Amino acid sequence: MAGIPSNTSSSSSIASNLVRVRERIANACNLYGRPLSDVRLIAISKKHPVESIRAAIDAGQLDFGENQVQEALGKIPEVEIPGVQWHYIGPLQSNKAKHLPGNFHWWHTLNRLDIATRVSSKAVELGTRVETLIQVNVVNDPAKSGVSSSGLSPLIAQLLEAGLGGLDLRGLMTIGPHGGSEDELRQCFGSLRELMETTRDQFGLENFDQLSMGMTDDMEQAIGEGATMVRVGSAIFGSR
Ligand SMILES: *Cc1c(COP(=O)(O)O)cnc(C)c1O
């Protein structure tokens, strides 16, 4: 594991970084004719210390994302503040699945039935539910996880068949092509939106309306294509 990051921003710069990120989101909403309230900012705090998370909370940020269970479980109890919601955005091993319910409100990276079954069982046991997004590997990048575009419908069929009472299926998530051109990014994010609409209609899913897409380098393109959640790390907390 990496040590304490040395590039972590100070509290005051986290506050001003947040102002700038919110401005970018507002400008993009303006440009693409979307209401600001449609886009939720998830601050990705992976590899940054609890003090940075507290600084962001002080600056009004409430949604946070982590991509490693162990790391997140060390931080979450340190910032038990009403209104704070945690999002799990990383790959999930089946032996860690039981840690999501009760700690995370949102799970962005469902891609396998067996792991979904484990998360759901634990949620049912705890009497809670996890708002869940399916990760789609739109650009078929072998380095990325997620179900393929063509595998999405079969996976949803399996999930519905299994009747997972601990999960609320809320939409889709993707990671845009790293260093992609404007066109490539728009195409990737636009495809995710179309997939969301077609599967929602195909299966008659209620509340299947969330699109988690866009990060520090491509949030504008994602907002242009309908993102409802942008996952922003380095523009808020500094480099990792
Ligand atoms: C790290 C991470 C982010 C944030 O990336 P930045 O480029 O730092 O904004 C977003 N989504 C996922 C899945 C990540 O792992």
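**Ground rules.** I am working with a predicted model, where local features need pLDDT of at least 70, side-chain atom pairs count only at pLDDT 80 or more, and totals for chains, interfaces and linings use all residues. Residues are numbered from 1 along each chain as its sequence is written, and side-chain values use heavy atoms, with hydrogens and water left out.

**Salt bridges.** I looked up the total and got 15 salt bridges (a side-chain nitrogen of Lys or Arg within 4 Å of a carboxyl oxygen of Asp or Glu). For burial I used relative accessible area (buried is under 20%, exposed over 50%, partly exposed in between, with a 1.4 Å probe and protein chains only).

I started with R34 and D38, whose side chains form a salt bridge at 3.6 Å, N to O. R34 comes out buried, at 15% relative accessible area, while D38 is partly exposed at 35%.

Next I checked K75 with E66: this salt bridge has its closest N and O atoms 2.9 Å apart. K75 is buried at 7% relative accessibility, and E66 is buried too, at 0%.

Then I went to E131 and R170, a salt bridge with the closest N and O atoms 3.0 Å apart. This pair links distant parts of the chain, 39 residues apart: E131 sits in strand β5 (residues 130–135) and R170 in strand β6 (residues 167–173). I take strands (E, at least two residues) and helices (H or I, at least four) as DSSP runs, numbered from the N terminus. E131 is partly exposed at 23%, whereas R170 counts as buried at 16%.

I also looked for shared partners, and E66, E71 and K75 are joined into one network of salt bridges.

**Helix packing.** How do α1 and α2 pack? Helix α1 (residues 11–31) meets helix α2 (residues 50–58) at an angle of about 50 degrees, with the axes 9 Å apart. The axes are lines fitted to C-alpha atoms, for helices over the stretch in contact, and angles run from 0 to 180 degrees between N-to-C directions.

I filed α1 and α2 as oblique to each other (under 35 degrees is roughly parallel, over 145 roughly antiparallel, 65 to 115 roughly perpendicular, and the rest oblique).

Which residues of α1 and α2 make the contact? I noted S11, I14 and L18 from α1, and S52, A55 and A56 from α2, with contact meaning heavy atoms within 4.5 Å.
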